Amino acid sequence: KVPMYSVWDDHEYGSNNANMNQPGKYNSLRAFTHLWANPGAGTSSLEGVFYSFYRGDVHFIVCDNRWYRDPSTGSQWGSAQIGWITDQLRESVGVFKIIVTGGDVMEVNLSKDMDEIGRVVTSYSISGVLFCAGDIHRNEFKAMEHTSWPYKIMQITSSGIARDWRRPWAIIHVDTTSSDPFVRAHFYGAESESQTTSWGNDPNLLCTSLQSVD
């Protein structure tokens, strides 16, 4: 009864660290879209598994970081998908705009996307943009200054699968009704190796409190 949304990373798409040249990627696309009933997959003119949707006042912009991934240009998303992302941001009515992607947006040698999105965020004074990632089999919060951005790039990673018995997850709470809307992330994990273990939330593991930027 809980809505589920998905996006792929390298191992759903193809081989480890796969990029735009992955053989058989059309088979991957066909299998993924048959398996997951997402709100969409690409556009009429652009292939891939990207789409967007709203949950209340939060706009989720879900990106495909493999189909157009080109290490030679330093882009995970490719220029055409970047155009789609920036259109989503400019037209968004969400208090927060959460850009969801398979891997780290601050990955070394793949910074072109952050340059371009940062310029759009600055030019259009777009507030409340943050990133949600996976891939690394652990929880993580990053905040980074960037010359193209008017505020820090902020990313929450929730990636518990195949970690170990602790199986950590980031649980995210969003409040858009407050006079100062916020996103807050906590790290949760299993308390023992048992399959019937309880799950705990240590308040000392509070990730951060992310305030929207005016």
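A salt bridge is a side-chain nitrogen of Lys or Arg within 4 Å of a carboxyl oxygen of Asp or Glu. Side chains of opposite charge can pair in this way when their charged atoms come close. In this predicted model, Lys 142 makes such a bridge with Asp 104, and their closest N and O atoms sit 2.4 Å apart. Lys 142 belongs to strand β5 (residues 140-144), while Asp 104 is in the loop between β3 (96-100) and α4 (112-123), so the pair ties together parts that are 38 residues apart in sequence.

How covered are these two partners? Asp 104 has a relative accessible area of 16%, so Asp 104 is buried, since the cut-off for that label is under 20%. Lys 142 comes out at 25% relative accessibility and therefore counts as partly exposed. Lys 142 also has another partner: its side chain meets that of Glu 140 in a salt bridge, at 4.0 Å from N to O. Glu 140 is at 18% relative accessibility, so Glu 140 counts as buried. Put together, salt bridges with shared partners link Asp 104, Glu 140 and Lys 142 into one network.

How many salt bridges turn up by this rule? The count comes to six. One of them pairs Asp 9 with Arg 66, with the closest N and O atoms 3.0 Å apart. Here Asp 9 lies in the segment before α1 (10-13), and Arg 66 is in the loop between β2 (58-62) and α3 (78-91), so this pair ties together parts that are 57 residues apart in sequence. Both Asp 9 and Arg 66 are buried.

Stepping back to the whole chain, there are four helices and ten strands. Reading from the N terminus, the order of elements is α-α-β-β-α-β-α-β-β-β-β-β-β-β. Along its principal axes, the C-alpha trace spans about 45 × 40 × 35 Å. A compact globule of 214 residues would have a radius of gyration near 17 Å, and the chain has 17 Å, so the two agree. Of the 214 residues, 46% are buried. Contacts tell a bit about how the chain comes together: among those between residues at least 6 apart in sequence, 59% join residues at least 24 apart.

Which residues make the nonpolar surface patch of about 420 Å²? The patch is built from Ile 161, Trp 169, Ile 171 and Trp 199. Trp 199 sits in strand β9 (residues 199-201). With a relative accessible area of 43%, Trp 199 is partly exposed.

Note on methods:
Residues are numbered from 1 along each chain as its sequence is written. This is a predicted model: local features need pLDDT of at least 70, side-chain atom pairs count only at pLDDT 80 or more; totals for chains, interfaces and linings use all residues. Side-chain values use heavy atoms; hydrogens and water are left out. Patches are made of residues with over 30% relative accessible area and no salt bridge: like charges are joined within 9 Å, nonpolar side chains (Val, Leu, Ile, Met, Phe, Trp, Tyr) within 5 Å. Accessible areas come from the Shrake-Rupley method with a 1.4 Å probe; for residues, only the protein chains shown count as cover. Helices (H or I, at least four residues) and strands (E, at least two) are DSSP runs, numbered from the N terminus. Buried means under 20% relative accessible area, exposed over 50%, partly exposed in between (1.4 Å probe, protein chains only). The radius of gyration is taken over C-alpha atoms; the globule rule is 2.2 Å times the number of residues to the power 0.38. Contact means heavy atoms within 4.5 Å.
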